[in-house]
Amino acid sequence: MPTSAPSSSARWSPRALLRASVAVALVTIVLKGAAGYMTNSMGLISDAMESFVNLASAMFALAMVTIAARPADEDHPYGHHKAEYFSSGFEGILIIGAALAIGWAAIVRLMSPQPLEQLGWGLALSIVSSMLNAALAVAMFRAARAHRSIALEADGRHLVTDVWTSAAVVVGIVAVHFTGWLWLDPLLAIGVALNIVREGAHLVWRSSQGLMDQALDAPSLAAIDAALARFTECADGAQLRFDDIVTRSAGRRRFADLHMHVPGEWSLQRAAALRDGLEQALMEAVPGLRVTIQLLPLNMEARAVGMGDHE
C-alpha cells in the first residue's frame with residue numbers, strides 16, 4: 001500500500017514551528033490585550049494573560065528543542081533528547097501559575113462587577129486571535145506525530161486549551177450582553193482558570209512520566225511483538241527464544257533491551273549475524289528505536305536489568 005506524502009506542517013522542523021509559535025503569541029497578546037482593554041471584560045483580560053504564558057512557553061520550548069537536537073557527547077552518551085520533557089513540565093507549571101492569577105483577578109471582579117463596553121470590536125479581535133492559535137495547533141499536532149516531539153505536543157495542547165477557553169469567553173460575553181448579568185463575566189474567567197489548571201496538571205504529569213523512563217506506547221509495543229513473531233518464522237527463527245523485553249522513551253528516541261536465546265552449539269558468528277538481522281527488523285518496525293540485544297544460550301536465564309533489582 002503506498003504511503004501518503006507528509007503534510008507541509010509535518011515537514012516543518014520543531015524549531016521552525018516553535019519560532020512560529022513565538023510570533024503568533026506576540027500577535028495574540030496584542031489582539032487579546034486590545035480586546036480586553038476595549039471591552040473591560042475580565043474574561044477577555046484573563047484570556048490575554050494566558051497569551052503571555054503562551055509566549056514564555058514557546059520560548060522555553062524552543063530552547064529545549066534546540067538542546068535536544070544536540071548530538072551525543074562524552075558527558076551525555078545517550079544524547080540530550082529528554083530536554084523536551086523539561087519544556088513540557090515548565091509549560092505546565094506556567095499554565096498553573098497563570099490560572100491562579102486569573103482566578104484571583106476574577107474573584108476580585110466578581111465581588112465588584114463592571115459594565116462591558118465596545119463588545120463588537122473586542123469580540124472580533126478575540127475571534128481572529130483564536131483562529132491563529134487553532135491553525136498553529138493543528139500544525140503542531142501533525143508535526144509532533146511526525147517528529148515524536150513532546151515539546152510540540154505540549155505547545156499544541158496549550159494552544160487548543162487557549163482556543164476553547166476563548167470560545168467559552170466569547171459565548172459568555174454575548175450572554176452577558178443579552179441578559180445583563182455582569183457577574184457572569186468574572187464567573188467565566190474563573191471557569192477559564194479551572195480549565196487551565198487541568199491542562200497544566202496534565203502536562204506536568206506527562207513530563208514526569210517521561211523523565212521516569214516510561215515504557216513505549218501500546219502501538220509501538222505491538223509493533224515490536226509483531227516483528228519478533230515474524231522473525232521466528234525465518235529458517236533459524238524457530239530455534240530462538242526471546243524474553244526480558246524492556247522498553248523506554250526519551251524525547252524523540254525510543255529504546256528496547258531484550259535477551260535472545262540461541263542453541264549453545266551455534267558459532268558466535270552465526271548468532272551475531274542473526275542478532276543483526278533482528279535489530280534491523282525491530283528498527284524498521286519502530287522508527288527511531290535503539291535496540292540492545294544480549295545473546296544467551298537456550299539453557300541459561302539472566303535477570304533483566306532494572307527489573308526487581310534491590311540494593
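**Exercises on a predicted model**

The structure is a predicted model.

**Exercise 1.** Determine which residues of helix 9 are buried, and on which side of the helix they lie.

*Solution.* Step 1: helix 9 covers residues 268-285 and has 18 residues. From first C-alpha to last it reaches 26 Å, close to the 26 Å expected at 1.5 Å a residue. Step 2: the buried residues in helix 9 are Ala-271, Ala-272, Leu-274, Leu-278 and Leu-282. Step 3: these residues cover an arc of only 160° around the axis, and therefore lie on the same side of helix 9. Step 4: an α-helix has 3.6 residues a turn, so residues three or four places apart point the same way.

**Exercise 2.** Classify the one aromatic pair that a search of the whole structure finds.

*Solution.* Step 1: the ring centres of Trp-181 and Trp-183 are 5.6 Å apart, with the planes at 15°. Step 2: planes under 30 degrees apart count as stacked, so the pair of Trp-181 and Trp-183 is stacked. Step 3: Trp-181 is partly exposed, at a relative accessible area of 45%; Trp-183 is also partly exposed, at 40%.

**Exercise 3.** Identify the residues that touch the most other members of the largest nonpolar core.

*Solution.* Step 1: the core contains 23 residues. Step 2: among those touching the most other members are Leu-44, Val-169 and Ile-173. Step 3: Leu-44 itself touches Val-169 and Ile-173, among others.

Note on methods: Residues numbered from 1 in each chain as written. Predicted model: local features only at pLDDT ≥ 70, side-chain atom pairs only at ≥ 80, totals over all residues. Heavy atoms only, no water. Phe/Tyr/Trp six-rings, centres within 6.5 Å; stacked < 30°, edge-to-face > 60°. Buried < 20%, exposed > 50% of the residue type's maximum accessible area, 1.4 Å probe, protein only. Core = buried A, V, L, I, M, F, W, Y, C linked by side-chain atoms within 4.5 Å. Contact = heavy atoms within 4.5 Å. Helix = DSSP H or I, 4+ residues; strand = E, 2+ residues; numbered from the N terminus. Expected span 1.5 Å × (residues − 1). Arc of directions from axis to C-beta.
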